[in-house]
Number of protein chains: 4
Amino acid sequence: MRTVMSEADLASFLVREFPQVQADFAVERLTADGIVMRLRVGDRHLRPGGTVSGPNIFALADVAVYLAILARIGPVALAVTTNGAVDFLRKPVAGVDLIGEARLLKLGRVLAVGDVLIRSEGMDEPVARASMTYSIPPKGQGR
Amino acid sequence: MRTVMSEADLASFLVREFPQVQADFAVERLTADGIVMRLRVGDRHLRPGGTVSGPNIFALADVAVYLAILARIGPVALAVTTNGAVDFLRKPVAGVDLIGEARLLKLGRVLAVGDVLIRSEGMDEPVARASMTYSIPPKGQGR
Amino acid sequence: MRTVMSEADLASFLVREFPQVQADFAVERLTADGIVMRLRVGDRHLRPGGTVSGPNIFALADVAVYLAILARIGPVALAVTTNGAVDFLRKPVAGVDLIGEARLLKLGRVLAVGDVLIRSEGMDEPVARASMTYSIPPKGQGR
Amino acid sequence: MRTVMSEADLASFLVREFPQVQADFAVERLTADGIVMRLRVGDRHLRPGGTVSGPNIFALADVAVYLAILARIGPVALAVTTNGAVDFLRKPVAGVDLIGEARLLKLGRVLAVGDVLIRSEGMDEPVARASMTYSIPPKGQGR
């Protein structure tokens with residue numbers, strides 16, 4: 001799928017539009033059908049036992065599919081998550097960043113769907129799998 | 001279902017075990033088959049447009065079902081989320097707390113499942129619907 | 001929510017439009033926010049062990065939310081399922097019909113969402129819980 | 001992952017244990033981390049408009065992950081689906097079989113999780129994406 005935003009464009013967009021969370025995430029690279037994103041794991045992301053909490057894994061999946069979509073349709077349209085589902089598979093490795101690989105499965109006029117495989121950096125077995133659906137507003141409209 | 005922890009017990013547990021997020025949540029009340037929890041909405045929970053972000057809605061659902069389970073099995077066992085799915089239905093009302101009503105649908109030996117209806121306080125129509133599954137470790141074991 | 005189709009209208013619609021499966025299902029009653037549907041359990045619905053198979057439980061949830069929507073928007077529009085998720089909670093009772101209670105959580109211009117609680121007839125504890133999302137085509141258009 | 005059942009073993013198992021549906025499905029091939037299964041599309045699988053119905057797509061995903069698991073743990077244990085979620089992405093091509101590619105993401109002691117990409121045979125873009133979770137009974141026990 002053709003992209004209309006570069007990795008640098010996406011990184012700037014994140015800083016500008018998501019000031020509360022932008023420091024948590026980094027765009028690793030755009031891929032042919034999606035994007036690779038990093039969650040910079042810090043103490044604030046942890047739950048008892050020292051693992052990254054579920055909501056932070058959800059957030060990584062959400063931002064990854066969101067930016068994978070915007071990279072293809074541009075920063076104008078304000079896509080909104082309508083469904084997000086996560087299977088938590090294994091305990092993340094303590095003190096290691098999480099890497100989410102998102103691929104777009106559908107980029108329609110009204111709905112976009114992507115899934116994400118999340119791993120502790122350097123590990124082969126996934127920590128979580130997620131699917132995200134976004135509603136794409138009609139052209140020329142905000143949310 | 002019989003409870004073994006009171007609302008005060010659950011509130012103390014939250015403060016002790018989840019120091020990073022405990023200030024965000026409040027136990028409203030235990031119900032016959034679940035719990036009602038509040039997300040105290042602040043600026044840090046918002047996404048562009050002034051609505052509560054998806055990961056914070058996920059977090060409210062997650063903590064609600066988690067505490068609904070612990071209220072029935074006690075604080076010893078460390079249940080782990082294995083699946084969480086959220087349907088985002090409407091934009092939350094700006095500047096208003098979110099109230100999550102969780103009900104337990106199954107409290108088995110190995111798995112527990114609950115669902116949650118989330119509303120902006122005082123509103124009738126739900127903002128989101130979520131389902132959460134937890135794996136319950138065998139007795140006498142930590143995670 | 002106001003209905004524009006009666007229970008008899010829905011039953012006729014099912015016979016006419018879904019000849020392959022209509023004998024499996026019966027409209028029990030419309031409710032204030034949804035519908036109650038019955039799966040007439042027969043040998044063809046069973047899997048090893050004598051329980052109703054997962055796909056048949058999915059089918060009951062799917063048809064229940066579908067008819068709950070059509071009861072409110074009429075039989076013209078051809079809504080399409082975009083997401084369906086089922087939590088299987090307990091083994092159904094052998095040789096007993098399944099009853100699905102669907103409620104609509106959102107009936108928007110573009111998307112409709114409902115969830116369903118499924119029980120073996122006469123039992124209190126649910127066999128399954130499901131959520132279904134439908135895309136509603138623009139007025140005047142087929143699929 | 002090492003397999004303990006061959007493609008022929010799985011096909012025989014399907015015929016023996018699932019007489020109601022076995023004619024609908026064929027084992028295409030085992031893969032390094034999963035299985036490829038075919039749904040032989042016939043009139044009984046269709047919904048209005050001539051597309052394969054949602055429950056039949058669910059059934060393909062369910063049987064694919066189920067056999068992917070049994071290929072690795074053997075036919076003795078009776079795994080039970082605990083969660084199944086499907087994103088329906090595109091209308092299947094009329095009169096064409098569906099091919100489901102399942103991969104196992106976790107094969108634990110208690111839970112197994114897989115996802116499936118489903119395409120109309122010969123097409124590149126997926127018709128549906130599904131995730132399935134199975135509960136695996138303790139050794140030596142039936143369901």
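How many residues does the contact take from chain D, and how many from chain C? The contact takes 22 residues from chain D and 22 residues from chain C. Please keep in mind as you look around that this is a predicted model.

**Where chains C and D meet**

- On the side of chain D that touches chain C, β3 (46–47), α2 (54–73) and β5 (80–88) of chain D each supply at least two residues.
- By class, the side of chain D that touches chain C holds nine nonpolar, seven polar and six charged residues.
- Strand β5 (residues 80–88) of chain C pairs with β5(D) in the antiparallel sense, and five bridges hold the pairing.
- Within this pairing, Ala85(C) has Ala85(D) as its bridge partner.

**How chains C and D are related**

**Where chains A and B meet**

- Here the contact takes 22 residues from chain A and 22 residues from chain B.
- Three elements of chain A, namely β3 (46–47), α2 (54–73) and β5, each supply at least two residues of the side that touches chain B.
- The side of chain A that touches chain B divides into nine nonpolar, seven polar and six charged residues.
- To superpose chain A on chain B, a turn of 180° and a shift of 0.0 Å along the axis are applied, giving an RMSD of 0.0 Å.
- In chain A, the C-alpha of Ala85(A) is the one nearest the axis, 2.0 Å from it.
- Both copies use the same surface, as 100% of the contact residues of chain A recur in chain B.

**A closer look at β5 in chains A and B**

- Is strand β5 (residues 80–88) of chain A largely enclosed or left open by the rest of the structure? Eight of its nine residues are buried, so β5(A) is largely enclosed by the rest of the structure.
- β5(A) runs antiparallel to strand β8 (residues 128–135) of chain A, and eight bridges join the two.
- In this pair, Thr81(A) stands opposite Tyr134(A) of β8(A).
- β5(A) is also joined by five bridges to strand β5 (residues 80–88) of chain B, again running antiparallel.
- Ala85(A) finds its bridge partner in β5(B) at Ala85(B).
- In chain B, eight bridges join β5(B) to the antiparallel strand β8 (residues 128–135).
- Asp87(B) stands opposite Arg129(B) in β8(B).

- Twelve strands make an open sheet with antiparallel pairing, in the order β1(A)-β2(A)-β6(A)-β7(A)-β8(A)-β5(A)-β5(B)-β8(B)-β7(B)-β6(B)-β2(B)-β1(B).
- β1 (25–30) of chain A and β1 (25–30) of chain B stand at the edges with a single partner strand each, so one side of each is left without a neighbour in the sheet.
- From one strand to the next, the twist averages 20°.
- α2(A) packs on this sheet, where it touches β1, β2 (34–39), β5, β6 (98–107), β7 (111–120) and β8 of chain A, together with β5 of chain B.
- The direction of α2(A) makes about 45° with that of β6(A).

- Strand β7 (residues 111–120) of chain C and strand β8 (residues 128–135) of chain C run antiparallel and are joined by eight bridges.
- Leu111(C) has Ser135(C) as its bridge partner in β8(C).

Definitions and conventions:
Residues are numbered from 1 along each chain as its sequence is written. Chains are lettered from A and ligands numbered from 1 in the order in which they are written. This is a predicted model: local features need pLDDT of at least 70, side-chain atom pairs count only at pLDDT 80 or more; totals for chains, interfaces and linings use all residues. Two residues are in contact if their C-beta atoms, placed from the backbone, lie within 7 Å. Helices (H or I, at least four residues) and strands (E, at least two) are DSSP runs, numbered from the N terminus. Ala, Val, Leu, Ile, Met, Phe, Trp, Tyr, Cys and Pro count as nonpolar, Asp, Glu, Lys and Arg as charged, and the others, Gly among them, as polar. Two strands pair if DSSP finds at least two bridges between them. A residue is buried if 20 or more other C-beta atoms lie within 10 Å of its own, exposed if 12 or fewer, and partly exposed in between; C-beta atoms are placed from the backbone. Copies are superposed by least squares on the C-alpha atoms of residues with pLDDT of at least 70 in both. Axes are lines fitted to C-alpha atoms, for helices over the stretch in contact, and angles run from 0 to 180 degrees between N-to-C directions.
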